[in-house]
Amino acid sequence: MITVGTLFLLLVCGTAMTFFGSEEEEENILSDITPVNPMFQGLQRIQDAKAYQTAWLDRMALDGQRLKRQLDSLIRIPDKSHDDSLQILIKHRQLEIIVDNLDNR
């Protein structure tokens, strides 16, 4: 019985404060809230940068796989020309650069 009476009294007081409370208090409460929009924009920038980096790494890995297949094809040629040997050296160096970059990530 005491609990019900206390809850009823709190309900009446809360309702009275809502209807008869000043609007200045409500404005003060809202002015103390920190704007969160800049935080969400910062979070979005971080997620965009992470997605860009992931896409870049995926692209680099695909380029490395493509170069590896090309290099294997060139190495399998029985009678290599000077241009074939030059292409082997170039593609090998490109593949080394990609592997070094992927290892550093």
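**Overall layout.** My tally of secondary structure is four helices and zero strands; helices (H or I, at least four residues) and strands (E, at least two) are DSSP runs, numbered from the N terminus. I kept in mind that this is a predicted model, in which local features need pLDDT of at least 70 and side-chain atom pairs count only at pLDDT 80 or more, while totals for chains, interfaces and linings use all residues. Residues are numbered from 1 along each chain as its sequence is written, and side-chain values use heavy atoms, with hydrogens and water left out.

**Surface and burial.** I looked up the accessible surface of the protein chain and noted about 9,300 Å², of which 62% belongs to carbon and sulfur atoms. Such areas come from the Shrake-Rupley method with a 1.4 Å probe; for residues, only the protein chains shown count as cover. Of the 105 residues of the chain, 10% count as buried. Here buried means under 20% relative accessible area, exposed means over 50%, and partly exposed is in between (1.4 Å probe, protein chains only).

**Helix α1.** I turned to α1, residues 2-20, and checked its length. The expected span of a helix is 1.5 Å times one less than its number of residues. For the 19 residues of α1 that should give 27 Å, and the end C-alpha atoms are 27 Å apart, which agrees. How many of its 19 residues are buried? The count is zero, so I wrote α1 down as hardly covered, with buried meaning what I noted above.

**Helix α3.** I ran the span check again on α3, residues 37-75. Its 39 residues should span 57 Å, and its end C-alpha atoms are 57 Å apart, which agrees. I listed the buried residues of α3 as G42, M60, G64, L67, L71 and L74. What do they pack against? The buried residues of α3 pack against α4.

**The core.** Next I looked for nonpolar cores, meaning sets of buried Ala, Val, Leu, Ile, Met, Phe, Trp, Tyr and Cys residues joined through side-chain atoms within 4.5 Å. The largest has seven residues: M60, L67, L71, L74, I88, L95 and I98. The elements that give two or more residues to this core are α3 and α4 (82-103). α3 gives the most, with four residues. A reminder to myself: in soluble globular proteins, nonpolar side chains tend to be buried together. I then picked out L95 and its contacts (heavy atoms within 4.5 Å). Leaving aside residues up to four places away in sequence, L95 touches G64, L67, K68 and L71.

**A nonpolar patch outside.** I also searched for surface patches, made of residues with over 30% relative accessible area and no salt bridge: like charges are joined within 9 Å, nonpolar side chains (Val, Leu, Ile, Met, Phe, Trp, Tyr) within 5 Å. V36, M39, F40 and L43 form a nonpolar one, with about 410 Å² of accessible area together. M39 lies in α3 and is exposed, with a relative accessible area of 51%.

**Salt bridges.** I counted four salt bridges in the structure, each a side-chain nitrogen of Lys or Arg within 4 Å of a carboxyl oxygen of Asp or Glu. I started with R59 and D63, whose side chains meet at 3.6 Å, N to O. Both lie in α3, four residues apart, about one turn of the helix. R59 is exposed at 56% relative accessible area, whereas D63 is partly exposed at 22%. D63 forms another bridge with R66, the closest N and O atoms being 3.9 Å apart. R66 is partly exposed, at 36%. In α4 I found E96 and R93, three residues apart, about one helical turn. Their closest N and O atoms are 3.2 Å apart. E96 is partly exposed at 34%, and R93 is partly exposed at 45%.

**The end of the chain.** My last stop was R105, in the segment after α4. R105 is exposed, with a relative accessible area of 55%. Which residues does R105 touch, not counting those up to four places away in sequence? I found Q53, W56 and L57. R105 and L57 are 48 residues apart along the chain, and their C-alpha atoms are separated by 8.6 Å.
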